[in-house]
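Here is a quick tour for someone meeting this fold for the first time. Have a look at the picture, then read on.

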Amino acid sequence: MRLVPALAFAAFAPLGLAQTATFPTEFPPDAVTPSADELRSRLAGQVFRAVPADGNGWRVQFQANGFAFIDTDRGARDSGKWRTEDGRLCNDWQRFGSACDEVRFVGEVLHLKRSRNGEVVTFHRR
């Protein structure tokens, strides 16, 4: 499945899109809202790849100890803490800022709605 503009956090605000970009703003109809515990167990120790509408892809690694690392295709990097709430993923990046974004799953695929601009970004496990 090709990554369509999709889980960039408002915390990824510096990785943002141009105002004229078009992108999905709704979760897939069959998407399921995870509980905080389910989301944490599905992210901890995992690495995901996402490509938002602007084409600047991300590799995000969620450590089980609550730390996360992000690398972008354009060479930007950051790290910080992550936590889960029911249906939400929260990141406190050192450089990119903090945000809590809505998330849903369709099978093993994670969909994140960026609080910064409403774009739904798809994250695929690596």
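Which residue of strand 7 stands opposite V103? It is L112 in strand 7 that V103 faces.

First, some ground rules. This is a predicted model, where local features need pLDDT of at least 70 and side-chain atom pairs count only at pLDDT 80 or more, while totals for chains, interfaces and linings use all residues. Residues are numbered from 1 along each chain as its sequence is written, and side-chain values use heavy atoms, with hydrogens and water left out.

**The overall layout**

The protein chain has 1 helix and 8 strands (helices are DSSP runs of H or I with at least four residues, strands are runs of E with at least two, and both are numbered from the N terminus). Along the sequence the pattern reads α-β-β-β-β-β-β-β-β. The strands make a closed barrel in the order 1-2-3-4-5-6-7-8, with antiparallel pairing; two strands pair if DSSP finds at least two bridges between them. On average, neighbouring strands of this sheet are turned by 30° against each other, direction ignored (axes are lines fitted to C-alpha atoms, for helices over the stretch in contact, and angles run from 0 to 180 degrees between N-to-C directions).

Of the 126 residues in the protein chain, 49% count as buried. Buried means under 20% relative accessible area, exposed means over 50%, and partly exposed lies in between, with a 1.4 Å probe and protein chains only. The accessible surface of the protein chain comes to about 6,100 Å², and 48% of that belongs to carbon and sulfur atoms; such areas come from the Shrake-Rupley method with a 1.4 Å probe, and for residues only the protein chains shown count as cover.

**The helix**

Helix 1 spans residues 36–43, and its buried residues are A36, L39, R42 and L43. They cover an arc of only 135° around the axis, which puts them on the same side of helix 1 (the arc is that of the directions from the helix axis to the C-beta atoms). The face turned away from that buried side carries the exposed residues D37 and S41. Just after helix 1 comes G45, with a positive phi of about 80°.

What does helix 1 lie across? It lies across strand 1 (46–50), strand 2, strand 4 (77–85), strand 5 (88–93), strand 6 (97–106), strand 7 (109–113) and strand 8 (120–125), and runs at about 145° to strand 4. Contact here means heavy atoms within 4.5 Å.

Strand 2 (residues 58–62) and strand 3 (residues 67–72) run antiparallel and are joined by 5 bridges, with F62 standing opposite A68 in strand 3.

| Strands | Bridges | A facing pair |
|---|---|---|
| Strand 4 and strand 5 | 6 bridges | G80 and W93 |
| Strand 5 and strand 6 | 6 bridges | N91 and A99 |
| Strand 6 and strand 7 | 5 bridges | V103 and L112 |
| Strand 7 and strand 8 | 4 bridges | K113 and V120 |

Now for the turns. The hairpin of strand 4 and strand 5 has 2 residues between the strands, and G87 takes a positive phi near 70° there. Strand 5 joins strand 6 in a hairpin through 3 residues. The hairpin of strand 6 and strand 7 has 2 residues between the strands, with G107 at a positive phi near 65°. In the hairpin of strand 7 and strand 8, 6 residues sit between the strands, and G118 takes a positive phi near 80°.

Strand 7 itself is mostly covered, with 5 of its 5 residues buried. V109, H111 and K113 point one way, L110 and L112 point the other way, and all are buried.

**The inside**

The largest nonpolar core has 19 residues, and those with the most contacts inside it are L43, F62, L89, L110 and F123. Such a core is a set of buried Ala, Val, Leu, Ile, Met, Phe, Trp, Tyr and Cys residues joined through side-chain atoms within 4.5 Å. Its largest share, 3 residues, comes from strand 2.

**Out in a loop**

G75 has its place in the loop between strand 3 and strand 4. Is G75 buried or exposed? G75 counts as exposed, at 57% relative accessibility. G75 and N56 are 19 residues apart in sequence and 9.5 Å apart in space, C-alpha to C-alpha.
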